[in-house]
Amino acid sequence: MLLIILAVVFVLSFAVGRYPVPAGDVLKILLSRVIPVHKAWADIEATVIIQIRLPRILAALLVGSSLAIAGASFQGLFRNPLVSPDILGVSSGASVGAALSILLNETRVVMQVLAFGFGIVAVGLTYLVSKKVRGNPTLSLILAGVAMGSLFSSFLSLIKYVADPLNQLPAITYWLMGSLASVSMDNLMVASIPMLGGIVVLLLIRWRLNVLAMGEEEAMTLGLDTNLLRGVIVVCCTVVTAASVCIAGTISWVGLVIPHIGRMLVGPNHKVLLPVTVLLGATYLLFIDDLVRTVYIVEIPIGILTSIIGAPFFLYLLNKGQWGWA
Amino acid sequence: MLSVKDASFFYDRARRSGFGGLDFDLKPGEVLCILGPNGCGKTTLLKCLVGLLKVEGGRISLNGREVSQMGRRDLAKVIGYVPQLHIPAFPFSVLDAVLVGRAPHLNMLESPGKEDEEVADTALRAMGIEALRDRPYTQLSGGEIQLVLFARVLAQQPALLLLDEPTSHLDFGNQIRTLHLIQELSSTGLPIVMTSHFPDHAFLASSKVAIMKDNRFLAVGTPEEVITVENMERIYGIKVSIVDVDGPAGRRICVPMRGGDGAGPDRHALWERLANVG
């Protein structure tokens, strides 16, 4: 069912935009890449579909899936439904990296490398600091993450403060609001390696999240190497989130709300929940990006729309049923 | 068989919090009930037995293998542990919560298959809660959650069962039902170590009692040998009466006496002032 919805949105996404292409032609153009199809479309249509829309649509799918599965995994790991993928500081770190490269007038490639690198460094620091804290390792990780996030946010403010207000500051601000507009096939290919890798590993170990959600000590008495498992989850979530941020900027709300909607649909069992959040996240971000491209002449930053649509929808769902923690 | 020799563990250098010099054995089918005041080291001992903490001195071995030498997964295959209080984070179905007990029998990338589900279903039937199978376990009563935790630990198929205050959060009926359950489980040959705050529960469910105070065992033996008026006053500082009752109950009981421990007239005056009597 979810797959069908995703497929429909996927095809329609190619059709909509400043240069509309009939959905039938979209299917034919896409199929023509795999099997021979009688050519009955203009070359420009094929160019739009393959060169421009395909990378952007694939990016929306990947980023949506990544943020959603990272959110669901972190919520299970931290036994807390208010956790989002940037809880350990990855987004703040990546933002500092991106803002720094704008400040230094670096190229887009450098910016993506810096964003990814700073995101990883921020979480690495969070992890090292939390190791020094005695007591509940999960709790110290969250606390260290909140502190690290706040530290990197202040670095970001500092960079914004010293940035040239005419060119650099708007560029930073615009980047922070998130966009899939400038994704090319090349940088998507590079970013998709960590994203797909992280998603696959998380899907492989997903049932263990049920055990971990019983609590640290109980999971240990049930035979889990909790330190190892926590490490694997943190690394995977960090890598997929950092890769998402470096090609799309900071997109809030997807990682927080999609896991909740998933739990409302299929319950909290991570074995089912994680694949469902992947599909939901992909569909949701693709749908939002379609709106971004079509609603107004100028593109609205995607980070704004994910919240404007997501938050009221989530509140509506909360009101509709008695879900408690689900 | 569980064998504990001169085991010790302390959280602090001053050796105030923890336990030391413990010796005991447990044979198949025996139930050891550990009694002692708050903070005497009961839970710490259970955590060492299940391998959450490693003993500093002495040794704990189960069926000839030393617990501190065993990996986490090997431990979980043979030792089942029911914590004092389970705090649910997500409303898992009862079946999913019980299936978690199969974790030690699965490797990192596996998830429970048909056989594991059969074991979980058997555990649910063994606890008489198969009707709750698909309910969210967060919506159950305290007594039912306890049964889910028991089903989970049975699905683990352990050779030793550790229960940390299994009756603490239950009403009177569920306390006694839990004790009966413990007794019946042990009659299948499963050795059980439990902690409790109720000496009378030791009469009801255990074959062996250890009383613990100031980080050591004061006495280990049968309930009749160990639960005496003197010992209860030594560990709890209150007066109890221990009598054999006739009638349908027909057993030895341990009951507290009426009356306070003498707060003195000064404190009574303070109470009256605070209560604004008259």
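Start by selecting chain A and colouring by burial: 48% of its 326 residues count as buried, where buried means 20 or more other C-beta atoms within 10 Å of the residue's own, with C-beta atoms placed from the backbone. Before going on, keep in mind that this is a predicted model, in which local features need pLDDT of at least 70, side-chain atom pairs count only at pLDDT 80 or more, and totals for chains, interfaces and linings use all residues. Residues are numbered from 1 along each chain as its sequence is written, and chains are lettered from A, ligands numbered from 1, in the order in which they are written.

**Chain A, whole**

Switch to cartoon. Chain A shows 14 helices and 0 strands; helices here are DSSP runs of H or I with at least four residues, strands are runs of E with at least two, and both are numbered from the N terminus.

Now for contacts, meaning pairs whose C-beta atoms, placed from the backbone, lie within 7 Å. Of the contacts in chain A with a separation of 6 or more, 75% are between residues 24 or more positions apart.

**Next stop: H13 of chain A**

Select residues 270-294 of chain A. This is helix H13, with 25 residues, and it reaches 35 Å from first C-alpha to last, close to the 36 Å expected at 1.5 Å a residue (the expected span is 1.5 Å times one less than the number of residues). H13(A) is mostly covered, with 18 of its 25 residues buried.

**Over to chain B**

Select chain B and you get 10 helices and 12 strands. The C-alpha trace spans about 70 × 45 × 40 Å along its principal axes. Of the contacts in chain B between residues at least 6 apart in sequence, 64% join residues at least 24 apart.

**Last stop: where the chains meet**

Show both chains. The contact takes 24 residues from chain A and 23 residues from chain B. Pick out residues 72-78 of chain B: this is helix H2, which gives the most to the side of chain B that touches chain A, with 5 residues. Colour that side by class and you'll find 16 nonpolar, 3 polar and 4 charged residues. Nonpolar covers Ala, Val, Leu, Ile, Met, Phe, Trp, Tyr, Cys and Pro, charged covers Asp, Glu, Lys and Arg, and the others, Gly among them, are polar.

Methods. Two residues are in contact if their C-beta atoms, placed from the backbone, lie within 7 Å. A residue is buried if 20 or more other C-beta atoms lie within 10 Å of its own, exposed if 12 or fewer, and partly exposed in between; C-beta atoms are placed from the backbone.
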